[in-house]
Amino acid sequence: MRKWKLFSLVMLVFMSMMTNNLVAQGVPISGTVLADDGTPLAGVTVTVSGTNRSAVTDDKGKFTINASKNATLQFSYVGYTTQKVKATAGM
């Protein structure tokens with residue numbers, strides 16, 4: 001029997017401010033989703049909590065999504081427990 005352990009995210013989240021025009025939409029937040037062993041996870045759905053904005057990680061586990069500076073991001077992946085992580089600069 002395979003035991004599903006808690007989906008552990010090792011994230012590198014970097015925030016960058018663009019122009020004041022992005023204030024209404026938020027700022028681009030990008031990062032990388034890695035498994036416990038450091039392997040990039042492709043196909044992870046990243047959603048800004050409380051919105052319908054979402055992105056999917058690429059084959060290198062990378063994603064970019066627009067959100068407010070202190071948004072909570074929700075990560076879901078088949079076979080893993082959904083995780084919520086608050087975005088912070090230079091994490």
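Predicted model: local features only at pLDDT ≥ 70, side-chain atom pairs only at ≥ 80, totals over all residues.
Figure 1. A tilted pair falls between the stacked arrangement, with planes under 30 degrees apart, and the edge-to-face arrangement, with planes over 60 degrees apart.

**Figure 2. The rings of F63 and F75.** The chain has 2 aromatic pairs. In the pair of F63 and F75, the ring centres are 5.8 Å apart and the planes meet at 75 degrees, so the arrangement is edge-to-face. F63 belongs to strand 6 and F75 to strand 7, so their pair ties together parts separated by 12 residues in sequence. F63 and F75 are both buried.

**Figure 3. The nonpolar core.** The largest nonpolar core contains 17 residues. Those with the most contacts inside this core are I29, V33, V48, F63, I65, L73 and F75. At least two residues of the core come from each of strand 3, strand 4, strand 6 and strand 7. Across the chain, which has 91 residues, 34% of the residues count as buried.

**Figure 4. Strand 3 beside strand 6.** Strand 3 pairs with strand 6, residues 62-67, through 6 bridges in the antiparallel sense. Two of the facing positions can be followed in this view. I29 stands opposite I65 of strand 6, and S30 stands opposite T64 of strand 6.

**Figure 5. The two faces of strand 6.** In a regular strand, side chains alternate between the two faces of the sheet. Which residues of strand 6 are on the covered face, and which are on the uncovered one? The covered face of strand 6 holds F63, I65 and A67. The uncovered face holds K62, T64 and N66. F63 and I65 are among the residues with the most contacts inside the largest nonpolar core.

Figure 6. Strands of a sheet pair through backbone hydrogen bonds, either parallel or antiparallel. Here 4 strands form an open sheet in the order 5-4-7-8, with antiparallel pairing. Strand 5 (54-56) and strand 8 (83-86) are the edge strands, and each pairs on one side only. From one strand to the next, the twist averages 25 degrees. Strand 4, residues 45-48, is joined to strand 7, residues 72-76, by 4 bridges, and the two run antiparallel. V46 has F75 of strand 7 as its bridge partner.

**Figure 7. The hairpin of strand 7 and strand 8.** Strand 7 and strand 8 are joined in the antiparallel sense by 4 bridges. L73 has V85 of strand 8 as its bridge partner. Between the two strands of this hairpin are 6 residues, and G79 takes a positive phi near 90 degrees. Side chains along strand 8 alternate: Q83 and V85 point to one face and are buried.

**Figure 8. T51 in the loop between strand 4 and strand 5.** T51 lies in the loop that joins strand 4 to strand 5. With 31% relative accessibility, T51 counts as partly exposed. T51 and A67 are 16 residues apart in sequence, and their C-alpha atoms are 9.4 Å apart in space. A67 belongs to the covered face of strand 6.

**Figure 9. The chain as a whole and the confidence of the model.** The secondary structure consists of 0 helices and 8 strands, so the elements run β-β-β-β-β-β-β-β from the N terminus on. Among contacts in the chain with a separation of 6 or more, 50% are between residues 24 or more positions apart. The mean pLDDT of the chain is 77, and 69% of the residues reach 70 or more. Over residues 1-23, pLDDT stays under 50. For this stretch the model has 59 contacts beyond four places in sequence.

Conventions: Residues numbered from 1 in each chain as written. Heavy atoms only, no water. Pairing = 2+ DSSP bridges. Axes fitted to C-alpha atoms, helices over the stretch in contact; angles between N-to-C directions. Buried < 20%, exposed > 50% of the residue type's maximum accessible area, 1.4 Å probe, protein only. Core = buried A, V, L, I, M, F, W, Y, C linked by side-chain atoms within 4.5 Å. Phe/Tyr/Trp six-rings, centres within 6.5 Å; stacked < 30°, edge-to-face > 60°. pLDDT = per-residue confidence, 0-100. Contact = heavy atoms within 4.5 Å.
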